[in-house]
Amino acid sequence: MIYLDNNATTKVDDKVLEEMLPYLSNDYANPSSMYDFAKKPAEAVKKARVQVRDFLGAANEKEIYFTSCGSESANMAIKGVLNCNKEKKHIITTKVEHPCVLNTYKELEKRGYEVDYIGVNSTGELDINELKEKLRKDTALVSIMWANNETGVIYPVEEIAEIIKTRSNETMFFVDAVQAAGKIPINVKDTQIDLLGVSGHKFHAPKGVGVLYVKPSTRITPLINGGHQERGMRAGTENVPYIAGLGLAAEIAQNALDYELKEVKRLRDKLEEGILKNVFNARLNTSLHNRVPNTTNIGFEYVEGELILLHLSDLGICASSGSACTSGSLEPSHVLRAMGIPFTALHGSIRFSLSRFTTEKEIDYVIENMPSIMEKLTKISPFQDELEILRRR
């Protein structure tokens, strides 16, 4: 099995699993309890908070709140900020955000909020001038992802934060960094970002644990009310095994950044170049340079993406046609539509996303087999004349 869908989820690192196991067996006490038995779990949560602080470059571990996932972090940030600023009803985001953000705003629009959706160009890069034009005195929140989950394109969130705060310190800025964390350096204390969310299972921690960074001056309300956990900001008994795993995964990812930026990128580039060179109807759907090192998105013209994925799966290769949260939909990717990707490639676009566990042998295997897969599928395509034109180019 060759796993090239790491933007959907990642394998749990063996070291992370080992870190988790004691809190699933012997050290199972509630970390909020007062007796000695609870000390080890409480210390594990405390240690993880420091590890995540360093991972995100935060100034203080008290800026770190543990959640269940990136979607919860996004909802906590967005709704928490708006609840503290009810007189302002204007929001800015992009057309290419993750569904957990876009669908939250669709719901808020029904409640009277006005949302502006900023566009992107043909390589997926953000229109900063449009953002500047849309900022208003009554803008309560700007919400922009750090890296796109489908194309890997990196957005200049540090620059965007400066633009926002130059206009108004009262406009809050939330960054969905789920696809950036562990792939590129993050140092929030050197930015004017107010809130930032990440998800553990994107960098080899388990599913079911995430983080929300909140700048000390930022006011939000809890999304989940109840007990005093997370300093009163997120009720519910702490998920100690997963939090401990997340902490170690963050530390490992931080130490592996150089490998990610060099070796994972080299393998990604090799895969991309091999497919584009050997498959006549392949085209690149993303920025050539301005993206995270593990991601490529390739369109195969006049062929259905679902058929490509099935043939890849038959060979033991896992990839995707977009966000895992929308993979059950027959609608083409909202990200690629926003980019204006031609209809000829829209339905046949495949995302390959690598990790530090991806090997050269695996990449060679995919490059070797993609031409034969495409040869089979182009033969049954109803667009033979158009394919013949591409073949002759």
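Predicted model: local features only at pLDDT ≥ 70, side-chain atom pairs only at ≥ 80, totals over all residues.
Trainee: How many of the residues of strand 5 are buried?

Mentor: Strand 5 is mostly covered, with five of its five residues buried; a residue is buried under 20% relative accessible area, exposed over 50% and partly exposed in between, with a 1.4 Å probe and protein chains only. Residues are numbered from 1 along each chain as its sequence is written, and side-chain values use heavy atoms, leaving out hydrogens and water.

Trainee: Which residues of strand 6 are buried on one side, and which on the other?

Mentor: On one side they are M172, F174 and D176, and on the other F173 and V175, so that both faces of strand 6 are covered. Because five of the five residues of strand 6 (residues 172–176) are buried, the strand is largely enclosed by the rest of the structure.

Trainee: How many bridges join strand 5 to strand 6?

Mentor: Two strands pair if DSSP finds at least two bridges between them. Strand 5 (residues 139–143) and strand 6 run parallel and are joined by three bridges; V142 has F173 as its bridge partner in strand 6, and S143 stands opposite F174. Strand 3 also runs parallel to strand 5, again with three bridges, and I92 stands opposite V142 in strand 5.

Trainee: What is the order of the strands in the open sheet of seven strands?

Mentor: The order is 2-8-7-6-5-3-4, and the pairing is mixed. Its edge strands, each pairing on one side only, are strand 2 (64–67) and strand 4 (114–118). On average, neighbouring strands of this sheet are turned by 20° against each other, direction ignored.

Trainee: What is the pairing in the open sheet of three strands?

Mentor: The pairing there is antiparallel, in the order 9-10-12. Strand 9 (282–284) and strand 12 (349–353) are the edge strands, each pairing on one side only, and neighbouring strands are turned by 30° on average, direction ignored. Strand 9 and strand 10 (residues 295–300) run antiparallel and share three bridges, with F300 in strand 10 as the bridge partner of A282.

Trainee: Where do H204 and R231 lie, and what should I make of their phi angles?

Mentor: Most residues other than glycine have a negative phi. H204, although not a glycine, has a positive phi of about 75°; it lies in the loop between strand 7 (195–199) and strand 8, and it counts as buried because its relative accessibility is 4%. R231 is likewise not a glycine and has a positive phi of about 55°; its place is in the loop between strand 8 and helix 7, and at 40% relative accessibility it counts as partly exposed. M233 also lies in the loop between strand 8 (210–214) and helix 7, but M233 counts as buried at 14%. The C-alpha atoms of M233 and Y65 are separated by 7.8 Å, although the two residues are 168 residues apart along the chain.

Trainee: What angle do the axes of helix 2 and helix 7 make where they cross?

Mentor: Axes are lines fitted to C-alpha atoms, for helices over the stretch in contact, with angles from 0 to 180 degrees between N-to-C directions. Angles under 35 degrees count as roughly parallel, over 145 as roughly antiparallel, 65 to 115 as roughly perpendicular and the rest as oblique. The axes of helix 2 (residues 39–56) and helix 7 (residues 240–255) come within 8 Å and cross at roughly 30°, so these helices are roughly parallel. The axes of helix 9 (residues 305–314) and helix 12 come within 10 Å and cross at roughly 135°, and these helices are therefore oblique to each other.

Trainee: Which residues of helix 12 are buried?

Mentor: Among them are E362, I363, V366, N369 and M370.

Key. Helix = DSSP H or I, 4+ residues; strand = E, 2+ residues; numbered from the N terminus.
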